[in-house]
Amino acid sequence: MRKIPRMILFYVFSTLIVVIWMIPLMVAFFTAFKTMDEIFMLRNFWSIPKTWTVENFKTAWIEGRMQRYFLNTFFVTSVSVIATLFLSSLSAFAISWYKFKLRTAILIIFVAGMLIPFQMLLIPVYRFSVTTGLYDTLFGVILFHIAFQIGFCTFFLRNFMVTIPVSLFEAAKIDGANAFTIYSKIIMPLVKPAVAALSILEFTWIWNDYLWSLILLQSDTKKTVTIGLTALQGQWISSWNVIAAGALLAAIVPVTIFLIFQRYFIEGLTLGSVKG
Amino acid sequence: MKKNKLTPYLFLIAPLCMYSIWVIYPIFQTFVVSFTKWDGMTKMRFIGLENFKRLINDNYFGLSLLNNIKWMIGFVLLSIPLGLIFALLMDQKFPGHKIYKSLVYLPMALSFVVIGQIWSWVLEPTGGIVNAFLKSIGLEQFAKPWLSDPKIVTYSLIAAALWRQIPYAMILFLAGLKNVSKELVEAAIVDGANSTQRFWYVILPALKPAMVIAITVNIIDSLRAFDVVFVMTRGGPFYSSSVMANYMYVQAFHNYRMGYGASIAVVQFGITLGFIIMYLLNVLKKEERD
């Protein structure tokens, strides 16, 4: 019977936390639906709009060019995620199934790479992009994302692959299957759940990237959503409602994906870091 | 079976090539650039340790480093205990706990650009909710210009970043709580341990691996802080909220001092390296157990 009051206590505390946690989002939400007149008169970002308007979203989408930035980001993110998953599944396969000299060293390099400060890469990657003509192209950003994310993805997929019983691998080998057949016909179907978790995580990260688009892109037509949002902040300085609408637009894709595939997202984060 | 020795390398060629071009080689290049005077366009000039010597006397760099330390302390002291409390609360199966968890996790789906923008409204001096709240409970004297007062701006930025960092710690702890043996908890109950004793003697020791990872991840993240600062204050007012990553960016890409910028990155990397090794050791230790 002592369980019930304890339950209520937990409930009350958790509710309090969640309410506080949601305040910033409510602030953005209310601001996005307000008219400029109301913002100027009251200047309360947190009050419920007296008149709700969707005009701000239209302005951000069309005049603020979020439309364009969306397409760019969608392109960059999907190509990067697919290519990263493919390449890192190859390296994860090699590292988890074969014993070779540099195995541990390569694994360490991949894991360490995902933890280094980005500032260690900024200048050379920028220079490299300029000299190869990749600067200010979406392709240049994509190639960087693929290369950089290979580290985490290899580590992640490898953690799954090593749990597959060796006997499966040996049996296939005795049956005369070559390495690529084992990779594509046996291992990849088995790690599908891991690939799903990883793609959700990677999609969110790459969609939300800011620094690399900032460094590697310049023209307005190439901007990604995050860069576009900061451009919006510069252009529409005091039109907080338009900026708020832009911020919500920038957030809508990763938030939707997160809410639908939350389980994978969380699994991805825990398996990627806690379990070795 | 010579062919077999080659197989893993065949699989590794493409991923390793890309990784080398965009990650490994640049790390070495940054080291080289850090020993030069270079504006990014004209010829590089080798100047030895000159940049690093200058860093020692550079007050703005000192300020940035100090701010990074504040970030580190803030992250560890707040996101670890709060993440743990959140995890312990939401691990209870009360009705709706799944929705609760989703809402707490939600900031992790947002980019720092969006987070920074949202928080600048929360902290806005006249229309922001923080000051409005302080006013409404009669603590008006504590209302502040959170983002323009040099003394507090860094703490405001840390608060915004914690909105995303605490749920992350919570995820790590929730995963850790799954490893707490139910039998051990029940045995403790049979032995008459109260909930505080159970927490200190059963649950907390079982959470140790998750704790170590959460602390190292938080420290590494605090040393990499960039986006929130860049979006909310650009390091200002007058460098008061600058962190190493921002100072590096400003020096290399605004002032065109690529060599000096590289030396800042190298110092930042050097400090982070110890914690990266700690992380690696923890991961590798688990490898051996498998």
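Q: How many salt bridges are counted between chain A and chain B, and what makes a pair a salt bridge?
A: The count is zero. To qualify, a side-chain nitrogen of Lys or Arg must lie within 4 Å of a carboxyl oxygen of Asp or Glu. A word on the model: it is predicted, so local features need pLDDT of at least 70 and side-chain atom pairs pLDDT 80 or more, while totals for chains, interfaces and linings use all residues. Residues are numbered from 1 along each chain as written, chains are lettered from A and ligands numbered from 1 in the order written, and side-chain values use heavy atoms, without hydrogens and water.

Q: What makes residues of chain A and chain B count as in contact, and how many do?
A: Contact means heavy atoms within 4.5 Å. By that rule, 96 residues of chain A are in contact with 92 residues of chain B.

Q: What is meant by the area that chain A and chain B bury between them, and how much is it?
A: Buried area is the accessible area (1.4 Å probe) that two parts lose on being put together, summed over both. Here that comes to about 8600 Å², with 78% on carbon and sulfur atoms. A:Trp21, A:Met120 and A:Ile123 supply 10% of the area chain A buries against chain B, more than any other three residues.
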